[in-house]
Amino acid sequence: LEPLGDPAIVGQVGVKTGIETMPGDIAHPTSVDFAGQVELLGYDTAWENGALSVTLHWRCLDPPQADYTVFVHLLDARGEIVAQHDGQPQNGAYPTSVCDSGEVITDPHTLPLGGDLTAGDYGLRVGLYLAKTGERLPVGEGDDSLELDSAIRVD
């Protein structure tokens with residue numbers, strides 16, 4: 001058989017075997033609401049093969065209204081981005097629109113670090129946005145991202 005044209009995505013189907021509602025141990029707990037749709041419960045960090053691994057722990061408050069992309073920025077002392085990772089939760093495997101109320105999502109992000117990164121303390125900033133428009137999901141009082149509390153030490 002010959003194809004009739006390019007394939008088209010008609011929709012997405014999510015099949016869940018269970019819904020996680022309790023987070024495990026979180027190294028850096030927090031509780032930050034993003035527009036009443038998702039809450040950042042906290043995050044973990046680790047060094048893996050010259051890259052910084054940041055695992056975010058989200059809870060869906062109301063089913064999110066769209067598929068949001070998560071961003072994680074590593075910031076230098078001036079607040080400039082020196083490394084970043086953008087992607088939908090769980091490396092694109094779990095769009096936010098399939099999340100149920102109360103569900104907890106563990107969301108890993110890997111930030112590759114260049115060899116020119118100088119020793120010192122760095123910060124982390126996270127947020128969510130719509131990929132089509134770049135519009136960020138609000139957090140707190142008029143902010144569109146969250147600076148995380150702990151410093152990341154690069155030696």
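## The disulfide

Cys60 and Cys99 are both buried, where buried means under 20% relative accessible area, exposed means over 50%, and partly exposed lies in between (1.4 Å probe, protein chains only). The model is predicted: local features need pLDDT of at least 70, side-chain atom pairs count only at pLDDT 80 or more, and totals for chains, interfaces and linings use all residues. Residues are numbered from 1 along each chain as its sequence is written, and side-chain values use heavy atoms, with hydrogens and water left out.

The structure holds one disulfide, a term for a pair of cysteine sulfur atoms within 2.5 Å. This disulfide joins Cys60 to Cys99, with an S to S distance of 1.7 Å. The link of Cys60 and Cys99 is right-handed, with 115° about the S-S bond. Cys60 lies in strand 3 and Cys99 in the loop between strand 5 (81-87) and strand 6 (104-112), so the pair ties together parts that are 39 residues apart in sequence. Strands here are DSSP runs (E, at least two residues), as helices are runs of H or I with at least four residues, and both are numbered from the N terminus.

## The open sheet

Strands of a sheet pair through backbone hydrogen bonds, either parallel or antiparallel. Two strands count as paired if DSSP finds at least two bridges between them. In this model, four strands form an open sheet in the order 1-2-3-6, and the pairing is antiparallel. Strand 1 and strand 6 stand at the edges, each with a single partner strand, so one side of each is left without a neighbour in the sheet. From one strand to the next, the twist averages 25°; the axes are lines fitted to C-alpha atoms (for helices over the stretch in contact), and angles run from 0 to 180 degrees between N-to-C directions.

Strand 1 (residues 28-34) pairs with strand 2 in the antiparallel sense over five bridges. Within this pairing, Pro29 stands opposite Gly42 in strand 2. The hairpin of strand 1 and strand 2 has three residues between the strands, and Ala35 takes a positive phi near 55° there. Strand 2 and strand 3 are also antiparallel, pairing over 10 bridges, and Ala46 stands opposite Ser53 in strand 3.

## Salt bridges

How many salt bridges does the structure hold? There are five, each being a side-chain nitrogen of Lys or Arg within 4 Å of a carboxyl oxygen of Asp or Glu. One of them links Glu39 with Arg59, the closest N and O atoms being 3.8 Å apart. Glu39 lies in strand 2 (residues 38-48) and Arg59 in strand 3 (residues 51-60), so this pair ties together parts that are 20 residues apart in sequence. Glu39 is buried, at 14% relative accessible area, whereas Arg59 is partly exposed, at 21%.

Another salt bridge is formed by Arg125 and Glu147, at 3.7 Å from N to O. Arg125 lies in strand 7 (residues 120-130) and Glu147 in strand 8 (residues 146-147), so the pair ties together parts that are 22 residues apart in sequence. Arg125 is buried, with a relative accessible area of 16%, while Glu147 is partly exposed at 47%. Arg78 and Asp76 also form a salt bridge, with their closest N and O atoms 3.3 Å apart. Here Arg78 is exposed at 69%, but Asp76 is buried at 17%.

## The nonpolar core

A nonpolar core is a set of buried Ala, Val, Leu, Ile, Met, Phe, Trp, Tyr and Cys residues joined through side-chain atoms within 4.5 Å. The largest such core has 30 residues, and those with the most contacts inside it are Phe34, Leu56, Trp58, Leu74 and Leu124. Strands 1, 2, 3, 4 (68-75), 6, 7 and 9 (152-154) each supply at least two residues of this core. Strand 3 provides its largest share, five residues.

Leu124 touches several residues beyond four places away in sequence, among them Tyr43, Val54, Leu74, Glu147 and Ile152; contact means heavy atoms within 4.5 Å.

## The loop at Pro138

Pro138 lies in the loop between strand 7 and strand 8 and is partly exposed, with a relative accessible area of 42%. Pro138 and Gly36 are 102 residues apart in sequence and 9.1 Å apart in space, C-alpha to C-alpha. Not counting residues up to four places away in sequence, Pro138 touches Asp33, Phe34, Ala35 and Asp143.
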